[in-house]
Amino acid sequence: MAAFSTIGIILMVCAGLLFAYQVMAAFLSMGTSDDFVYENIRLEDILPESFLDWADGISSINLQAFANTVISMPLVVLLLCGALLFFLIHMFKGHK
């Protein structure tokens, strides 16, 4: 198996494990009530603000908005997009 497909599979497995963790955490926080509250884990929740302040220094408004969007996306979506990117690289690069 090529390196790109291996990285894609690892990212996909990580996304699945993270999603399972979030669902289990939501079930465990229910207790005896009927309120199922699913909370996404985002980069802005994990990393301190000092690591995320670089996005405010971008001069282009469009790039700054894109960076802020990526920072606020759920981590599961970022992992799945990364897996898809590596699968596409593997597909186009292929075996020679």
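Helices are DSSP runs of H or I with at least four residues, strands are E runs of at least two, and both are numbered from the N terminus.

This is a predicted model, in which local features need pLDDT of at least 70 and side-chain atom pairs count only at pLDDT 80 or more, while totals for chains, interfaces and linings use all residues. Residues are numbered from 1 along each chain as its sequence is written, and side-chain values use heavy atoms, with hydrogens and water left out.

The chain has five helices and zero strands. Its radius of gyration, taken over C-alpha atoms, is 17 Å, whereas a compact globule of 96 residues would have one near 12 Å; the globule rule is 2.2 Å times the number of residues to the power 0.38. Along its principal axes the C-alpha trace spans about 60 × 40 × 20 Å. Of the 96 residues, 20% count as buried, where buried means under 20% relative accessible area, exposed over 50%, and partly exposed in between, with a 1.4 Å probe and protein chains only.

Within α5, the buried residues are Leu 75, Val 76, Leu 79, Gly 82 and Ala 83. They lie on the same side of α5, because they cover an arc of only 130° around the axis, taken from the directions from the helix axis to the C-beta atoms. These buried residues pack against α1 and α2 (43-46). The face turned away from the buried side carries the exposed residues Leu 84, Met 91 and Phe 92.

The largest nonpolar core consists of seven residues: Leu 11, Ala 15, Leu 18, Leu 75, Val 76, Leu 79 and Ala 83.

Leu 75 touches Leu 18, Ile 41, Arg 42, Leu 43 and Ile 46, leaving aside residues up to four places away in sequence; contact means heavy atoms within 4.5 Å. Gly 82 counts as buried because its relative accessibility is 16%. The C-alpha atoms of Gly 82 and Ile 7 are separated by 8.9 Å, although these residues are 75 residues apart along the chain. After α5 comes Gly 94, with a positive phi near 60°.

Notes:
Core = buried A, V, L, I, M, F, W, Y, C linked by side-chain atoms within 4.5 Å.
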